[in-house]
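Let's take a look at how this protein is put together. Here are its sequence and structure.

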Amino acid sequence: MPKPEKHVFICTQNRAQGHPRGSCVSNGCADVMNEFMSEIQSQNLFDRIGLTNTGCIGPCKLGPSVLVYPEGVLYGKVTKDDVKTIIVEHLLGDKPVEKLLVPTEIW
């Protein structure tokens, strides 16, 4: 497998319902992960984009969280409807999606 140009990490942290920090699982991270997998497959981007599910990235109340490297860009409150935009604009177009960025005071 060649080194990917971008690597996407999706928080799939699961905490008990009502936990004070919240949980990306309770905010729909599975839908986001599945949509990334589907889009990467349908666009045949396996050699360009790495995709990894991960534990807690940090700002739990802003989940689902999506972290993109090598830039270190963190997106929050991502929905499956945002995935195509992230892929087209950021992963392929090198322009982060401003409306989804976690505030700089947090990340």
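Below is a short tour of the fold and its cores.

## What you're looking at

This is a predicted model, so local features need pLDDT of at least 70 and side-chain atom pairs count only at pLDDT 80 or more, while totals for chains, interfaces and linings use all residues. Residues are numbered from 1 along each chain as its sequence is written, and side-chain values use heavy atoms, leaving out hydrogens and water.

## Overall fold

The protein has 2 helices and 4 strands, and they run β-α-β-β-β-α along the sequence. Here helices (H or I, at least four residues) and strands (E, at least two) are DSSP runs, numbered from the N terminus.

Of the 107 residues, 37% are buried, meaning under 20% relative accessible area with a 1.4 Å probe, protein chains only.

## The cores

The largest nonpolar core holds 19 residues, and Val8, Phe36, Val66, Tyr75, Ile86 and Leu91 touch the most other members. Two or more residues each come from β1 (6–11), α1 (29–42), β3 (66–69), β4 (73–75) and α2 (83–92). Another core lies apart from it, with 7 residues, including Cys24 and Val102. A nonpolar core here is a set of buried Ala, Val, Leu, Ile, Met, Phe, Trp, Tyr and Cys residues joined through side-chain atoms within 4.5 Å.

So who does Leu91 meet, neighbours within four places in sequence aside? Its contacts (heavy atoms within 4.5 Å) are Lys6, Val8, Phe36, Ile49, Val68 and Ile86.

Note on methods:
Buried < 20%, exposed > 50% of the residue type's maximum accessible area, 1.4 Å probe, protein only.
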